[in-house]
Amino acid sequence: MIQESCYLLPNRDSPVQWRDRLVDELNLVADPAESWRLVYCDSFDWRLHQAGALLEGGAVNGSARLLLRGLNGDSTGAEQVLNARPRFAWELPEGALRERLEPLLEMRALLPRLEIESRVQPLRLLDDEDKTVLRLRFEQHRFKDHDGSVQGALGQRLRLVPVKGYDKAVARMRDTLSGELRLPSADTQPLEQALQALQRPPGSYSSKLCFRLDPKQRADAVAKQILLHLLDTLEANVEGAKADLDSEFLHDLRVATRRTRSALSQIKGVFPAEQVERFKQDFGWIGQVTGPTRDMDVYLLGFA
């Protein structure tokens, strides 16, 4: 069977104008429009995405429905309907979803990372006998991150959904859209496009050190590169540690602090000695005041 295909509709015309134009020029029938909102959850460091998965949340009759998908959008068959979204995977009821999520997330909290609002106008192409030979979807999508600081439109799209046994109708419609209307194919999906627009998209954060240093670089330039990376890591975890979202925020903050002190001690002759000593003491203070809380985190993680 022919696969679905998707085309981008230029933003020069409004959604209403595009809908009316498509109905008139292509002799389509419009069904009632649909709207919904989906929230995509992951850990702060995108552990599910790294494992090739997406956790999609939506509302079903006043309850929260969680569905685990692959990055290609295919369902994994692991889903759950709950009264509220859990904070940790171990809070889920026994079942396929918990079994899949627990080893991936471990002690990390499930956080809302991205929200996509969609409005879809279903359209149909009929033959001479008023049989539906092709389904189309006129789609509009908007996104925003978890706190609304980054948001925007994801363009207008027209998706062809073939009906079994009517391949010729699909081929003719494709010729019309790409030929007469000169519509370009949509190379990226709305979700992929939205993820790329986030301030911290998947892959942008890692507490690990991974440098490719040039031995010909000056020592001060290398030291600054290392210390600025550690500072970024430290600052990225401050809000999560203060809010106590999960224990890894404080852990990563402390590791970045400890590595900073080590770098200041081991990279010699770059900064004035009095500045090095001052910052070693100040970063030492951060490690000291956060130590008891980290000890308690480790202690509590040992409990069911």
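This is a predicted model: local features need pLDDT of at least 70, side-chain atom pairs count only at pLDDT 80 or more; totals for chains, interfaces and linings use all residues.
**Entry 1: backbone angles**

I began with phi, since most residues other than glycine have a negative value. Trp46 is not a glycine, yet its phi is positive, near 55°. I found Trp46 in the loop that runs between strand 3 (34-42) and helix 2 (47-50). Is Trp46 buried or exposed? Its relative accessibility is 4%, so I noted Trp46 as buried, the cut-off being under 20%.

Asp244 also has a positive phi, about 55°, and is not a glycine either. I placed Asp244 in the loop between helix 7 (238-243) and helix 8 (247-266). With a relative accessible area of 48%, Asp244 is partly exposed.

**Entry 2: the largest pocket**

Next I looked up the pockets. The largest has a volume of about 780 Å³. I count 26 lining residues there, and those closest to the centre are Tyr40, Gly73, Gln189, Pro190 and Leu191.

Which elements supply at least two residues each to this lining? I listed strand 3, strand 4 (53-60), strand 7 (111-126), strand 8 (132-145) and helix 5 (190-197). Helix 5 gives the most, with 5 residues. Sorted by class, the lining of the largest pocket holds 11 nonpolar, 7 polar and 8 charged residues.

**Entry 3: the second largest pocket**

I then turned to the second largest pocket, whose volume is about 500 Å³. Its lining has 19 residues, and Phe44, Arg113, His146, Asp147 and Arg200 are the closest to its centre. Strand 7, helix 6 (219-236) and helix 7 each supply at least two residues of this lining. By class I have 9 nonpolar, 4 polar and 6 charged residues for the second largest pocket.

**Entry 4: helix 5**

Which of its residues are buried? They are Pro190, Leu191, Ala194 and Leu195.

What do the buried residues of helix 5 pack against? My list has helix 2 along with strand 3, strand 4, strand 7, strand 8 and strand 9 (151-162). Pro190 and Leu191, buried in helix 5, are also among the residues closest to the centre of the largest pocket.

Key. Residues are numbered from 1 along each chain as its sequence is written. Side-chain values use heavy atoms; hydrogens and water are left out. Helices (H or I, at least four residues) and strands (E, at least two) are DSSP runs, numbered from the N terminus. Buried means under 20% relative accessible area, exposed over 50%, partly exposed in between (1.4 Å probe, protein chains only). On a 1 Å grid over the protein atoms alone, a cavity is a set of points where a 1.4 Å probe fits but cannot get out, and a pocket is an open set with protein on both sides within 12 Å along at least five of seven lines; lining residues have an atom within 4 Å of a point. Grid points are joined across faces, edges and corners, and a volume is the space filled by probe spheres set on the points. Ala, Val, Leu, Ile, Met, Phe, Trp, Tyr, Cys and Pro count as nonpolar, Asp, Glu, Lys and Arg as charged, and the others, Gly among them, as polar. Contact means heavy atoms within 4.5 Å.
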